[in-house]
Structure formats: structure tokens, C-alpha cells
Amino acid sequence: MDVTHTFDDLVEMQKAADTAHAQVLELRDTFGRPSQTPWAPEQTETYESAWKTWRGLANTVQAAVTAHARDGGTPRFEVEAAVRTAARHAAPEPSAA
């Protein structure tokens, strides 16, 4: 069953994937590279869980971007670029002057 997502939905999905990826990178930085410093089993489990979460979110947003592009008749790379830009470079909030 195809579920059509709005552009704003895609942006939120990308933000979630980016946050999960940042967690993976943070864990790797904290634990060190396993080839240089062996990890404890708990560290391995924590890292693998975070990695699976990130990959799951990334796969979900990629599939949603593909469907959105197809449904809108827009090249996929354009949708993906716009989503990533919107997710990573949010417009500043207008000031109440």
C-alpha cells in the first residue's frame, strides 16, 4: 500500500534519519574504532542498535522520496535534494519586531 507523504513529512523523516546518523557517529567517536580499540559486548550491541535504527529511517525516507517524486512527476534527485536542504538548512524563524 502506497502512502503519499507531503513534502513536510519528508523533511521530518529526513531530520529523524539525520539525528539517528549523528547518534551513530557520536557512538563511534566515543567508543573509538573497533579495529583499534576492541569494544565490550554492550558497546557493540548499542552501536549495532543505533546503526540499524539509522539505516531503517534512511531506507524509509528514501522510499518515501521515491514515491513522492513518482507521484508528483518530479525527478527523484530534485525531490531528494530539496528535502535534504530543507531538513539541514531550516529557514530562520521570523522575528517579532
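Okay, let's start in the middle of the protein: Ala20, Val24, Leu27, Phe31, Trp39, Tyr47, Ala50, Trp54 and Ala58 make up the largest nonpolar core, 9 residues in all. By nonpolar core I mean a set of buried Ala, Val, Leu, Ile, Met, Phe, Trp, Tyr and Cys residues joined through side-chain atoms within 4.5 Å. Buried is under 20% relative accessible area, exposed is over 50%, and partly exposed is in between, with a 1.4 Å probe and protein chains only. H1 and H2 each put at least two residues into this core. There's also a second, separate core of 8 residues, and Met13, Val61, Ala64 and Val79 are among them.

A quick word on where this comes from. It's a predicted model, so local features need pLDDT of at least 70 and side-chain atom pairs count only at pLDDT 80 or more, while totals for chains, interfaces and linings use all residues. Residues are numbered from 1 along each chain as its sequence is written, and side-chain values use heavy atoms, with hydrogens and water left out.

Now the overall layout. The protein has 3 helices and 0 strands, so reading from the N terminus you get α-α-α, where helices (H or I, at least four residues) and strands (E, at least two) are DSSP runs, numbered from the N terminus. Of its 97 residues, 24% count as buried. The accessible surface is about 6,800 Å², with 55% of that belonging to carbon and sulfur atoms; those areas come from the Shrake-Rupley method with a 1.4 Å probe, and for residues only the protein chains shown count as cover.

What about contacts, meaning heavy atoms within 4.5 Å? Take the contacts between residues at least 6 apart in sequence: 62% of them join residues at least 24 apart.

Leu27 has a relative accessible area of 9%, so it counts as buried. Not counting residues up to four places away in sequence, Leu27 touches Gly32, Thr46, Tyr47 and Ala50. Ala20, again leaving aside neighbours within four places, is in contact with Thr53, Trp54 and Leu57.

Is Ala64 buried or exposed? Buried, because its relative accessibility is 6%. Leaving out neighbours within four places, Ala64 contacts His5, Leu10 and Met13. Ala64 and Asp9 are 55 residues apart in sequence, yet 9.2 Å apart in space, C-alpha to C-alpha.

Last stop, the largest pocket. Its volume is about 160 Å³. On a 1 Å grid over the protein atoms alone, a pocket is an open set of points where a 1.4 Å probe fits, with protein on both sides within 12 Å along at least five of seven lines, and lining residues have an atom within 4 Å of a point. The volume is the space filled by probe spheres set on those points, which are joined across faces, edges and corners.

Which helix gives the most to the lining? That's H2, with 5 residues, although H1 (7–31), H2 (41–72) and H3 (76–88) each supply at least two. One of the lining residues is Gln14, which is in helix H1. Gln14 is buried, because its relative accessible area is 5%. Beyond four places in sequence, Gln14 touches Val61, Val83, Arg84, Ala87 and Arg88.

Note on methods:
Contact means heavy atoms within 4.5 Å.
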